[in-house]
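Me: I would like to learn how to read a protein model. Please take me through it one feature at a time.

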Amino acid sequence: MNQPVSTSPWPFVLPLLVFLAFGLLEPQFARSDGKDVASGGETNVSASERRANEAYVQARRQSSMTRYCVVYGLKVLAVCTFLGVFAREYLRHFPFAITRWSVITGVAGIVLWVGFCHLNPQGIVAGWLNADSPGARSQFNPFEEITLAWQLATFLAVRFFGLVVVVPVCEELFLRGFLMRYVQSTEWWRVSLVQPAWRAALVAPLYGAVTHPGEILAAVTWFSLVTWLVARTGKFWDAVVAHAVTNLLLGLYVCLFSQWQLW
């Protein structure tokens with residue numbers, strides 16, 4: 001006999017909250033151009049001061065690398081623990097099933113994401129205003145900054161696992177598993193994923209814009225595309241697979257073509 005689904009939102013909310021909470025503990029990497037991210041850096045300095053600053057930045061970058069791997073690893077472990085605890089509940093809400101459209105959408109998504117990111121409308125506007133681009137990343141290049149092979153392999157393994165597995169699952173559980181259904185009805189667990197109400201359909205691109213301030217146009221387009229996918233197929237796990245495929249291809253693109261501003 002099938003057990004009734006839980007009406008508690010916490011299984012859908014907690015994994016993402018934990019992910020975000022650990023993210024607050026992650027360090028900001030120093031820029032590879034010798035300017036400190038936290039302080040902004042100074043350009044009019046003497047040669048000795050510049051060398052001292054470069055040594056300081058290098059030491060801080062190494063410390064940040066170690067801290068990042070530890071914190072990110074703990075974050076992945078904590079999120080996976082919650083996902084494991086609530087796994088049966090997720091499958092009661094959404095029995096596992098996917099279609100080929102999930103992979104197709106994921107591939108289309110990376111083309112759109114990269115294309116819109118390279119258009120960089122936020123950067124153009126910021127240039128007009130003589131301001132920093134919103135959501136600008138530190139452009140950390142692990143192949144240049146990590147000298148030991150095992151450290152590089154560990155960093156890439158942890159980063160890709162988080163990118164391809166943890167983020168798609170916890171983010172889609174929160175967004176499509178709970179939030180988009182909740183805005184349609186307080187009895188959100190009864191809401192179908194097919195043909196969402198207009199206010200629910202707007203939640204996805206809005207969420208994408210808020211969580212990706214440096215890639216607003218790409219995020220709005222991508223989250224709208226995946227919303228269309230799920231409305232078409234009615235399968236929650238299609239969204240997760242599409243998200244995972246896009247993130248995997250994005251990670252590979254970043255590493256192969258040194259597009260660290262998208263990392």
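Me: How many aromatic pairs does the structure hold?

Reply: Rings of Phe, Tyr and Trp (its six-membered ring) form a pair if their centres lie within 6.5 Å; planes under 30 degrees apart are stacked, over 60 edge-to-face, and the rest tilted. The structure holds 19 such pairs. In one of them, the ring centres of F82 and F86 are 6.5 Å apart and the planes stand at 25°, so this pair is stacked. Before going on, note that this is a predicted model, in which local features need pLDDT of at least 70 and side-chain atom pairs count only at pLDDT 80 or more, while totals for chains, interfaces and linings use all residues. Residues are numbered from 1 along each chain as its sequence is written, and side-chain values use heavy atoms, with hydrogens and water left out.

Me: What is the secondary structure of the chain?

Reply: Helices (H or I, at least four residues) and strands (E, at least two) are DSSP runs, numbered from the N terminus. The chain has ten helices and zero strands.

Me: Which residues touch the most other members of the largest nonpolar core?

Reply: A nonpolar core is a set of buried Ala, Val, Leu, Ile, Met, Phe, Trp, Tyr and Cys residues joined through side-chain atoms within 4.5 Å. The largest one has 61 residues, and F155 and W263 touch the most other members. Elements that give two or more residues to this core include α1 (10-23), α2 (47-85) and α7 (149-182). The most comes from α7, with 15 residues.

Me: Which charged end sits over the ring of W101?

Reply: A charge sits over a ring if NZ of Lys or CZ of Arg is within 6 Å of the ring centre and within 35 degrees of the ring normal. For W101, the charged end is that of R232, 4.5 Å from the ring centre. K75 lies over the face of F19, at 4.0 Å from the ring centre.

Me: What is the phi of Q195?

Reply: Most residues other than glycine have a negative phi. Q195 is not a glycine, yet its phi is positive, about 50°. Q195 is in the loop between α7 and α8, and is exposed, with a relative accessible area of 69%. S258, also not a glycine, has a positive phi near 55°. S258 lies in the segment after α10 and is partly exposed, at 43% relative accessibility.

Note on methods: Buried means under 20% relative accessible area, exposed over 50%, partly exposed in between (1.4 Å probe, protein chains only).
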